[in-house]
Amino acid sequence: MSRSDATAGEGRIRRARFGSNVGFVFLAIPLALFVGFILLMFGWLLQNGGGVLSWEFLTSPPLKGMTEGGIWPCIVGTLLVTFVSLVFSVPVGICSGIYLSEYAPDNIVTRLIRSSVRSLAGIPSIVYGLFGVALFVNAFRFGMSVLASGMTLGLMNLPWIIATCEEAVSAIPSSFREGALALGSTKWEAIRRNVLPHAFPGILTGVLLALARTMGETAPILFTGVTYYTRQLPTSLLHKFMALPYHLFTLATQHDQVAKVRPIAFGTALVLLALVLAFDAIAFAIRLRITRTNTWQV
Amino acid sequence: MADQTRIAIDRLNLHFGSNHVLRDISFDIPSNAVTAIMGPSGCGKSTLLRTINRMNDLILSTRISGRILVDGQDIYGPGIDVIELRKRVGMVFQKPNPFPKSIFENVAFGLRIHRLGNQHEVRRRVEEALRRANLWDEVKDRLQESAFSLSGGQQQRLCLARAIAVDPEIVLLDEPASALDPHSTTRLEELIVQLKRDYTIVIVTHNMQQAARVSDHCAFLMLGELAEWGRTDQVFTKPKDKRTEDFLTGKFG
């Protein structure tokens, strides 16, 4: 190698190193901005709504035209309707996901179904809301109720749960299935003993993320069961209910003393955010644990 | 006893879609001996092996004609229970594929799905299988550890123990040593020779020296056709087919 080659080589390395640093900066800045923005939002919410947070606020109903009191019925309503949605979407979603991954033949029909599931996951939630009115409120005669809202949310959830479940199951190495089949297990035994136990954390993560998303949805419950104010907690699935996201909407835009109830609105937003983040955090912790213990993923 | 036919392959043809993978193959695999299926990469030897326990059934576009007789019974005939067949014909794959369970549970897997024996009986059979696979002494104090803590060679012997725990008559080995280092390969080869007393063994290999070391009979496959088969010493010293001779003398491969 001649001397000029060597200097050319050095120059190339210097340029590459510079390029690499520039690349790093350009990738890091947007991330820093994003994180900063989120922290800012949190701080802002805390500053404005932190003052109203108390045990009292969490456990008592709204009082005096919602200018005082707490948000207990909204917390109950949100958790209840989310639970009802999962009762419908989790069994159907998991079974469909397993079927799509393990049993469905690879043909034009299943490919169509698969892409439909993906597209359904992207449909605006207000469309599910309108569909819920037509189907559950009117056709099934559930009226505006926990049941109608829960099923509407369940329908909205379903594509997410199917897709994440299918991905979790497909991610299990095929050698686990083949090994079991070669020992004379049936297809179902191979899936039940050698696939599902290892796919379970992934499925659970998908369900928790769907749950977190469901809790914050307003549009699907708007016409199907949520109400501005009710004195009682729902004691039947056919009752109307209050919910955190709708309560927030009401306080922020529909109340006749918007300025007065603003701290309560911020407090509601904080509680909703905390609930969503709590479930996201559980999902994250589970994911972290699998990537640590999945020794086959080398 | 000697040279009694265990598996008879009779005019076997196999297609994957429009791809004619195995062409009119007929030969016999004797009982209690090691039969090697040799040939260059892509000649269909793994596919041929997997017809014997019907693992190709998992590939939807597979079409098969001809017969494979195991103990005189056509395994592609009507009334054959594939589950029962795979219990009788065990298999070890090219890449060690232990399950993400403990060493003990790996070997017990087949016993559990076939409900062979109570807890005590399962323990006994797991130990026996591990002893036969020459692995017992290395793992007897760590049976509850993950199977992934074993070395590659140990994992492959574990897979062999897992296959023989359900007491098959035939054991299929699909290039079992291709992912192993030379020392582990030697140990595995010694084990294979030992095991032929109790089992009929069919091994796929692209390594001629390995075929020469372990097998009593061999079949030589070229582009989906059977070029030659017979006793290993005869095929290696006096090949009748030009293609076999070229392969053995290293003209290609």
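This is a predicted model: local features need pLDDT of at least 70, side-chain atom pairs count only at pLDDT 80 or more; totals for chains, interfaces and linings use all residues.
Figure 1. Chain A comprises domain 1, spanning residues 3-51, and domain 2, spanning residues 53-297. Their centres, taken over C-alpha atoms, are separated by 35 Å. Where the domains touch, domain 1 of chain A contributes 8 residues and domain 2 of chain A likewise contributes 8 residues.

**Figure 2. Close-up of the interface of domain 1 and domain 2 of chain A.** About 710 Å² is buried between the two domains, and carbon and sulfur atoms give 80% of this area. Of the area that domain 1 of chain A buries against domain 2 of chain A, 56% is supplied by A:Phe42, A:Leu45 and A:Gly49, more than by any other three residues. The side of domain 1 that touches domain 2 has 4 nonpolar and 4 polar residues, with no charged residues. For polar contacts, 1 residue pair is found, with both residues at pLDDT 80 or more.

**Figure 3. Close-up of the interface between chain A and chain B.** The contact between the chains takes 17 residues from chain A and 23 residues from chain B. Together the chains bury about 1,800 Å², of which 66% lies on carbon and sulfur atoms. On the chain A side, A:Ala182, A:Leu183 and A:Arg193 supply 35% of the area buried against chain B, more than any other three residues.

**Figure 4. Polar and charged pairs between chain A and chain B.** The count between the chains is 1 salt bridge. A:Glu178 forms a salt bridge with B:Arg50, and their closest N and O atoms are 2.8 Å apart. There are also 4 residue pairs in polar contact between chain A and chain B, both residues of each pair being at pLDDT 80 or more.

**Figure 5. The cavity lined by residues of chain A and chain B.** The structure holds 1 cavity of 30 Å³ or more. The volume of the largest cavity is about 40 Å³. From chain A, its lining includes A:Gly179, A:Ala182 and A:Leu183; from chain B, the lining includes B:Gly90, B:Met91, B:Phe93, B:Arg162 and B:Ala163. A:Ala182 and A:Leu183, which line the cavity, are also among the three residues that supply 35% of the area chain A buries against chain B.

Terms used. Residues are numbered from 1 along each chain as its sequence is written. Chains are lettered from A and ligands numbered from 1 in the order in which they are written. Side-chain values use heavy atoms; hydrogens and water are left out. Domain bounds come from an automatic or database domain assignment. Contact means heavy atoms within 4.5 Å. Buried area is the accessible area (1.4 Å probe) that two parts lose on being put together, summed over both. A polar contact is a pair of N or O atoms within 3.5 Å; within protein, one must be able to donate a hydrogen and the other to accept it, and residues adjacent in sequence count only if both atoms are side-chain atoms. Ala, Val, Leu, Ile, Met, Phe, Trp, Tyr, Cys and Pro count as nonpolar, Asp, Glu, Lys and Arg as charged, and the others, Gly among them, as polar. On a 1 Å grid over the protein atoms alone, a cavity is a set of points where a 1.4 Å probe fits but cannot get out, and a pocket is an open set with protein on both sides within 12 Å along at least five of seven lines; lining residues have an atom within 4 Å of a point. Grid points are joined across faces, edges and corners, and a volume is the space filled by probe spheres set on the points. A salt bridge is a side-chain nitrogen of Lys or Arg within 4 Å of a carboxyl oxygen of Asp or Glu.
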